[in-house]
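Q: I have a structure open here and would like to go through it with you piece by piece. Could you start with whatever I need to know to follow the sheet?

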Amino acid sequence: VSRQLKEEIRRGFARLEDPLAALLAMLESSSDWKGKGHSLGYCITTELQLWIKAHPAVPQSGTKLKKLQARVLGMLSQCPANLLDPLISIYQLHTADRNYLLEHVSHLYLQGNYKEAAVLSIKLKLQPDQDVEKICTPLLLQDKANLVEEYVAEYPELQRKLLQTLDTWCEPSFNIRDIIRPYQGLSKCKPERLNRRVLSKLIFRLLERFNVDSALCPNVINQRHLRTLNYLFYKRFVEKTMTEENWADHIQSTVGENRWLQAHLVQSLLRHCDARGAARWARHCRVPPDMLPQAVAEELQKLHIQDRVEEVTKADNYEASKKKDYYQLPIPRENIHFLQTWEETLRCWEKVLQAGQVVGVDMEWKPSFGMVGKPRVALLQLALKDEVFLLDLPRLLEQAEAEGEKEKLPHFIQMLYSDAAITKLGYGMSGDLSSLAATCSALKDTEKQMQGVVDLLAVDKQVDGLSPERSHEERGVRQPERGLSLLVQHVLGKPLDKTEQLSNWEKRPLREEQILYAASDAYCLLEIYERLCKDPESFGLGSDLTESLVGKQSKKPRAKKQLNKQEAPSPSGQEFQGSRTEPSRPPAPVSPQEFSVVCDNMLQGLGRYLRCLGVDVRLLDNEDDHRKAAEIARQEGRVILTSGLPYQTLRSQVGEGRCFSVNCSQKAKDQALQVLEHFNVQVSLGDIFSRCQ
């Protein structure tokens with residue numbers, strides 16, 4: 001707005017006997033201010049607001065002001081957002097009778113102006129006197145979750161009420177249509193936004209944003225724990241990539257004494273074990289006997305009578321026999337030091353903080369399995385040529401705070417990362433440092449200050465021949481190697497044993513397997529770096545390896561490492577990073593009878609065609625959420641067939657190569673040929689119609 005126009009507006013106000021009434025009369029007789037942007041009406045209104053501040057005697061009171069307030073309230077529902085605050089300020093609406101304001105907002109609500117009613121309530125701070133469920137339900141139906149968040153933002157009591165309401169909508173027996181029914185004629189209504197999956201995500205976001213105790217939302221917490229339970233069974237009994245002790249730790253902390261989860265645990269045990277095995281695990285997880293089926297209860301009684309020693313499963317025997325196939329630490333066990341006191345830690349720093357030192361750095365934290373909160377580092381590993389130090393970070397931080405020296409540990413860590421004379425080796429450093437900052441706020445700027453770092457994740461994009469399929473072919477039933485394990489296998493000859501990766505790293509004392517895993521994770525970085533520096537050409541790298549890697553960062557892939565360690569969202573939680581070459585050899589041929597798939601709901605024609613060829617097919621119904629395909633795939637060991645955007649979501653929820661994207665524009669027959677060729681499914685004459693009635 002030109003200075004000349006502003007001056008003219010102010011001179012006009014000075015000549016008016018009642019500028020407030022004059023502004024209102026102007027707005028009522030004009031409509032230009034109703035549009036978006038800076039209209040003339042907007043300019044005059046904001047100039048009056050500034051003019052009033054310079055002339056404090058102008059504002060009115062009493063009956064005359066009340067009449068003006070009544071008139072301006074009638075206009076507010078038509079106001080663009082940028083005019084609301086100036087008008088509320090000019091006409092002192094915060095001083096108006098509260099019951100009158102509430103009545104006006106209620107009138108807006110009854111007219112179906114739900115957004116306008118909520119916005120005005122926020123501006124006039126009316127929320128404590130309103131029904132949070134009533135105001136927020138139509139907003140959620142119109143996909144205005146951001147406005148709902150703003151509505152409760154300053155009121156902890158309303159936050160709790162809203163979360164409790166949303167959680168009751170997630171009860172298994174709750175019919176969401178009961179909520180939708182009163183709003184059938186609502187414009188821009190999106191009832192699909194109130195399905196349990198979307199509600200669950202919203203609840204977790206609100207819990208985190210407002211720092212509310214998750215115990216307020218037992219339904220979504222139970223559902224998340226149930227998904228964790230199913231995932232743990234997949235890792236243990238399908239992938240066979242978790243040790244018995246590690247698995248039991250997580251099962252106990254997930255299920256606890258929750259009877260609903262205990263019932264699901266028993267059902268899962270019966271699906272994956274015989275009655276005797278189910279009884280053994282039921283006893284281990286302290287499941288009440290009254291929840292067990294008769295056959296399991298009888299086996300449990302036998303265990304009590306005979307007091308049998310728990311047997312090691314065949315899967316564990318198999319893993320033990322395969323230890324020779326994994327990378328082994330080349331230093332003696334006594335050179336691995338678990339540090340819990342400051343005296344021990346200071347001796348560690350004396351060795352680490354030396355110019356010319358090369359240090360392998362890694363961190364571990366308890367997987368959150370998608371629960372609220374950022375991961376907190378439970379273990380910091382520092383590997384030198386002859387020894388490895390495992391720092392119990394929670395204990396050391398607690399000790400330092402008790403002694404009034406809480407900056408002590410962050411100071412040493414910052415010294416390490418900022419010293420260019422010390423080479424720090426890591427794999428996905430950004431993810432580690434992000435978790436470190438969440439653990440100790442004094443370390444939030446460490447990534448900006450670091451010098452002399454070598455992130456070996458950058459090697460993933462440069463080393464020749466890194467293909468996860470090679471490991472799969474060589475090692476039969478084991479999962480393909482990915483990430484750091486794949487790099488270790490390619491450079492040092494054997495992969496890392498990752499069975500302890502998803503351990504409960506906060507539990508003390510750590511098991512011996514955890515200590516060896518943590519030490520190996522950090523120490524292998526030293527050996528990889530040394531080998532690549534000695535002979536970079538044989539791995540397809542340039543001769544100036546050190547110069548090209550020191551200080552290099554690869555942010556996007558590193559963020560994946562954080563997700564993997566922290567959230568463990570699915571059996572593909574360790575999805576490999578960086579670019580990869582496609583496997584050059586086709587998979588081993590299989591018959592249709594051995595090939596099991598689940599078809600997403602946009603591929604029902606393909607599913608029926610494959611079933612005619614003898615393939616074991618499950619089809620999603622039209623109303624099913626795409627993610628149901630991942631649940632079925634994990635539980636039943638099926639390959640997902642999908643297309644378009646759902647592929648990006650689903651591929652991250654199952655093992656590598658267990659999700660395939662089909663060309664949706666093709667006919668079912670062509671799609672089927674594409675699938676059969678990709679998975680090397682060999683169809684014989686006897687397979688055709690073998691599954692049809």
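A: Two strands count as paired here if DSSP finds at least two bridges between them. Please keep in mind that this is a predicted model.

Q: Okay, so in what order do the strands of the open sheet run?
A: The order is E1-E4-E3-E2-E5-E6, which makes six strands in an open sheet with mixed pairing. At the edges are strand E1 (336-339) and strand E6 (453-455), each of which pairs on one side only. From one strand to the next, the twist averages 20°.

Q: In what sense do E1 and E4 pair, and over how many bridges?
A: E1 and strand E4, which covers residues 388-391, are paired in the parallel sense, with four bridges between them. As one example, Leu339 has Leu391 in E4 as its bridge partner.

Q: And which strands does helix H19 touch?
A: Helix H19 (residues 342-352) packs on the sheet and touches E1, strand E2 (358-365), strand E3 (377-383) and E4, with its direction at about 135° to that of E4.

Q: What about H21, which strands does that one lie across?
A: Helix H21, made of residues 408-418, lies across E2, E3, E4, strand E5 (423-426) and E6, and it runs at about 135° to E2.

Q: Which ring does the charged end of Lys408 sit over?
A: The charged end of Lys408 sits over the ring of Trp342, at 4.4 Å from the ring centre. Another contact of this kind involves Arg224, which lies over the face of Phe204 at 3.9 Å from the centre of that ring.

Q: Switching to aromatics, how many aromatic pairs are there?
A: The count comes to twelve aromatic pairs. One of them is Phe233 with Phe237, whose ring centres are 5.5 Å apart and whose planes meet at 20°, so this pair is stacked.

Q: How are those two placed in helix H13?
A: Phe233 and Phe237 are four residues apart in helix H13 (residues 218-238), which means that about one helical turn separates them. Phe233 is buried, because its relative accessibility is 2% and the limit for buried is under 20%, whereas Phe237 is partly exposed at 21%.

Q: And how are the rings of Trp247 and Trp281 arranged?
A: Their centres are 4.7 Å apart and their planes are at 80°, so Trp247 and Trp281 make an edge-to-face pair. Trp247 belongs to helix H14 (residues 244-255) and Trp281 to helix H16 (residues 275-284), so the pair ties together parts that lie 34 residues apart in sequence. Trp247 is buried at 0% relative accessibility, and Trp281 is buried too, at 2%. Phe233, Phe237, Trp247 and Trp281 together form one aromatic cluster.

Q: Last one: which backbone oxygen does the side chain of Thr137 reach?
A: The side chain of Thr137 reaches the backbone oxygen of Glu133, at 2.6 Å. Thr137 is part of helix H8 (residues 132-141) and is buried, with a relative accessible area of 4%. Not counting residues up to four places away in sequence, Thr137 touches Trp169, Ile179 and Tyr183.

Note on methods. Residues are numbered from 1 along each chain as its sequence is written. This is a predicted model: local features need pLDDT of at least 70, side-chain atom pairs count only at pLDDT 80 or more; totals for chains, interfaces and linings use all residues. Side-chain values use heavy atoms; hydrogens and water are left out. Axes are lines fitted to C-alpha atoms, for helices over the stretch in contact, and angles run from 0 to 180 degrees between N-to-C directions. Contact means heavy atoms within 4.5 Å. Buried means under 20% relative accessible area, exposed over 50%, partly exposed in between (1.4 Å probe, protein chains only). A polar contact is a pair of N or O atoms within 3.5 Å; within protein, one must be able to donate a hydrogen and the other to accept it, and residues adjacent in sequence count only if both atoms are side-chain atoms. Rings of Phe, Tyr and Trp (its six-membered ring) pair if their centres lie within 6.5 Å; planes under 30 degrees apart count as stacked, over 60 as edge-to-face and the rest as tilted. A charge sits over a ring if NZ of Lys or CZ of Arg is within 6 Å of the ring centre and within 35 degrees of the ring normal.
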